[in-house]
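Biologist: Can we go through this one together? I'd like to talk about charged pairs and the sheet.

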Amino acid sequence: MSGYQRPLRLAMVGGGQDAFIGAVHRHAAALDGRYVLVAGALSSTPQRSRESGAALGLSPERSYGTWQELLEGEKNREDGAEVISIVTPNHLHFPVALAAVQAGFHVICDKPLVPTLREAQELEAAVKQAGTAFAVTYNYSGYPLIRQAREMVRRGELGQIRKVIVEYHQGWLATEQTGKQAEWRTDPARNGPAGALGDIGTHAEQLATFISGLSLEEVAAELTSFVPGRPLDDDASMLLRFEDGVRGVLTVSQIEIGRENDLRLSVFGTQGSLSWRQEDPNHLIYDGLDKPRQILTRGGPGTGGAANAVTRLPAGHPEAFIEAFANIYSAVADDLAARERGEDINPDYPTIRDGVQGVEFMTRVLESAAANGNWVSLKGSG
Ligand SMILES: NC(=O)c1ccc[n+]([C@@H]2O[C@H](COP(=O)([O-])OP(=O)(O)OC[C@H]3O[C@@H](n4cnc5c(N)ncnc54)[C@H](O)[C@@H]3O)[C@@H](O)[C@H]2O)c1
């Protein structure tokens, strides 16, 4: 095998023992055989980093104590990592990603991209200058039936879009929590200024714009911290104005007891509507005007090329979270393979631009909430 037909060499920052999303990234990267994990700086202390690397079978010299050592070490090896995956708490995304991009690595970074718009813009400028690939793991856009929904909207099967509703309901932060994931997410210094808004609201915003193909123009928001003493929002609701007069509602919460990862999306047009739920991701409901309801199944009859291109298993064998992540990882691998062949493909994964847009959204929502829910513009400031 030559060039990027062989697996890409991947290094990971974050994702040590007991971490949540790092393991999901590793499974996703491995799923299609497009990556091999060669190095890591996996935890917040050098000792834990090395222990985590040993547990994954990394060689001792590539199981680094810090991310700075990792970038330096991998840059100077002939067989060094080509892609860096960043799965740390949010405040580290910016320094790690900026240094990685400036050193010429391709990057796959989790969301929210960075805490502030200034950092987002600086990072985007660095990516442009380096010409490297940069993906943001807005993984929900990788689900086959989300691709199907986008294709149906594009084909006009809903008519003119009128309204988009996105909800992301969770209940795991309904009380004060001291667990690993909760601890940094409720600390502004490590999480950034947007709580539930940054953690799951950015997913919801990306999904709404991804499926509708519309840009978001204005937002009016209310943020609440229900848990006493919590410095960040744990509940956020807002009205949205998209281009072309399309309206929207976005609501996210982490205090709704009993809700797990209840992400729901509905799109309404003049000729029909679509609805999808992350907790039942292999079904997509389509209601045509005055027509009987259709329930499309992933891999089943009626799904089109966009969905089938990212479907692995026959209908009825569930695919979900890890496969959706894998679709993003493999799209990055496709992009790098095409670049190596000298081709310019339009990469079908969320890029640095989507990441910046998410940070701009967070920033404007925070401004609106601080101004008692006034409408704030998102036009052209990202
Ligand atoms: N796309 C998604 O669906 C999704 C889901 C969960 C989390 N996330 C994002 O992924 C990131 C990680 O979240 P998580 O829930 O896995 O958090 P986590 O607390 O479970 O894991 C974070 C990991 O980063 C490590 N770390 C901390 N400081 C480090 C440093 N200086 N160098 C190297 N490693 C360091 C920690 O030791 C830990 O292993 C966050 O940005 C979060 O928003 C995305």
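Biologist: Is R241 buried, partly exposed or exposed?

Modeller: R241 counts as partly exposed, at 24% relative accessibility. Buried means under 20% relative accessible area and exposed over 50%, with partly exposed in between (1.4 Å probe, protein chains only). This is a predicted model, where local features need pLDDT of at least 70 and side-chain atom pairs count only at pLDDT 80 or more, while totals for chains, interfaces and linings use all residues. Residues are numbered from 1 along each chain as its sequence is written, and side-chain values use heavy atoms, with hydrogens and water left out.

Biologist: Which residue does R241 form a salt bridge with?

Modeller: With E218, the closest N and O atoms being 3.4 Å apart. A salt bridge here is a side-chain nitrogen of Lys or Arg within 4 Å of a carboxyl oxygen of Asp or Glu. E218 is partly exposed, with a relative accessible area of 24%.

Biologist: How many bridges join strand 7 to strand 8?

Modeller: 8 bridges, between residues 216-224 and residues 235-242, and the two strands run antiparallel. V219, for one, has L240 in strand 8 as its bridge partner.

Biologist: And what is the strand order in the sheet?

Modeller: 13-12-11-10-6-9-8-7-14, an open sheet of 9 strands with mixed pairing. Two strands pair if DSSP finds at least two bridges between them. Strand 13 (294-297) and strand 14 (376-377) are the edge strands, each pairing on one side only.

Biologist: Back to charges. How many salt bridges does the count come to?

Modeller: The count comes to 30 salt bridges. One of them joins the side chains of E82 and R6, at 2.8 Å, N to O.

Biologist: What does that pair tie together?

Modeller: E82 lies in the loop between helix 3 (67-75) and strand 3 (83-87), and R6 in the segment before strand 1 (8-14), so the link is between parts 76 residues apart in sequence. E82 is buried, with a relative accessible area of 9%, whereas R6 counts as partly exposed at 22%.

Biologist: Which residues are linked in a network?

Modeller: R259, D262, R264, R277 and E279 are linked in a network of salt bridges.

How values were computed
Helix = DSSP H or I, 4+ residues; strand = E, 2+ residues; numbered from the N terminus.
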